[in-house]
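Please keep the sequence and the model at hand while reading.

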Amino acid sequence: MNKLREAFTKNKKTVIGFMTAGDPTFEASVQNILALAEGGADIIEIGIPFSDPIAEGAIIQQANVRALKNGMTTKRIFELVQRVREKIDTPICLITYLNPVFKYGYDRFFEDCAKSGVDGIFVPDMPYEERPEAADYAKKHGITIIPLIAPAAPERIKAIAESANDEAYIYVASAMSEAGLTEQSKQELKAVIDEAKKYTDVPTAVWFGIHTPKEAKRVAEIADGVIVESIAVELVTKHGEKAAPYIAEFIEQMKTALS
């Protein structure tokens, strides 16, 4: 059992915290990632800054811009992970678009993931059909590629869910609005998760739109875990290099809500 899957077996409900690498600075982002662990995050996701983050909201887009301006590169991600690994053993998953991985070179990228202590990656713009392009390299180096399921035709959910049978967890994209989790959006999300569960026992974690402990608790009623992204990054926007204690406190609130 890999460390990512183990995080779900150890916890009744799993909290996955996110931080953009290099935001606002390299050193501050190391401290912010450690703060996620201090607050109790069961899995830590680290975003690789990209110049065209089409799947992100404004807050994380701005974090990408700050990190790139401060000199963050794909190569330095692995230095950052090594620094974090000196302090914590929490499972780490990188979030990246496909272009940085392709340019870095698949074999070299996954080799450096393994050497630095990365457990898995999530690539939001890599369609299910194109996954084999990178899958063999990831498997060679023991890195898990996290699949994504979004509201779609049942046959597509079936194919992705069945292909995920040996994976750590499944990203499930929500369709929540700025108003948060309405009863309608909750039922729509539940329908997607229920459909996936027909074909796999791989845990599900909901991505996008979770802003408060109350929302996290409601989502956890239908999913195995919650992914907390924009609010943690918003704390960096607000507090800059002094954000770490606020991040730890927020994640602790999320853990308490799900306990």
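Predicted model: local features only at pLDDT ≥ 70, side-chain atom pairs only at ≥ 80, totals over all residues.

1. Helix α2 covers residues 26–39 and helix α12 covers residues 244–258; their axes lie 7 Å apart, at an angle of about 30°. Because angles under 35 degrees count as roughly parallel, α2 and α12 are described as roughly parallel to each other. The crossing of α2 past α12 is right-handed.

2. Residues between α2 and α12. From α2, the residues taking part are Gln-31, Asn-32, Ala-35, Leu-36, Glu-38 and Gly-39, and they meet Ala-244, Ile-247, Ala-248, Ile-251, Glu-252 and Lys-255 of α12. Sorted by class, this contact of α2 with α12 comprises six nonpolar, three polar and three charged residues.

3. The pair α6 and α7. Helix α7 is formed by residues 132–140, and its axis comes within 9 Å of that of α6, with a crossing angle of roughly 35°. Here too the handedness can be stated: α6 passes α7 in a right-handed crossing. On the α6 side, Tyr-106, Asp-107 and Phe-110 take part, and they meet Glu-133, Ala-134, Tyr-137, Ala-138 and Lys-140 of α7. By class, the contact of α6 with α7 holds five nonpolar and three charged residues, and no polar ones.

4. Asp-119. The side chain of Asp-119 makes a polar contact with the side chain of Arg-85, at 3.1 Å. Leaving aside residues up to four places away in sequence, Asp-119 touches Lys-3, Leu-4, Arg-85, Thr-90, Pro-91, Ile-92, Gly-142, Ile-143 and Thr-144.

5. Ala-223. This residue is found in the loop between α10 (213–220) and β9 (225–228). Ala-223 is buried, its relative accessible area being 1%. Although 210 residues separate Ala-223 from Lys-13 in sequence, their C-alpha atoms are 8.2 Å apart in space. Beyond residues up to four places away in sequence, Ala-223 touches Lys-13, Ile-193, Thr-204 and Val-206.

6. The bond between Asp-23 and Pro-24. Which kind of peptide bond joins Asp-23 and Pro-24? The bond is cis, with omega about 0°. Pro-24 sits in the loop between β1 (14–20) and α2.

Conventions: Residues numbered from 1 in each chain as written. Heavy atoms only, no water. Polar contact = N/O pair within 3.5 Å; in protein donor to acceptor, adjacent residues only side chain to side chain. Contact = heavy atoms within 4.5 Å. Axes fitted to C-alpha atoms, helices over the stretch in contact; angles between N-to-C directions. Helix = DSSP H or I, 4+ residues; strand = E, 2+ residues; numbered from the N terminus. Parallel < 35°, antiparallel > 145°, perpendicular 65-115°, else oblique. Left-handed = near helix turned anticlockwise from the far one by under 90°. Nonpolar A, V, L, I, M, F, W, Y, C, P; charged D, E, K, R; others polar. Buried < 20%, exposed > 50% of the residue type's maximum accessible area, 1.4 Å probe, protein only.
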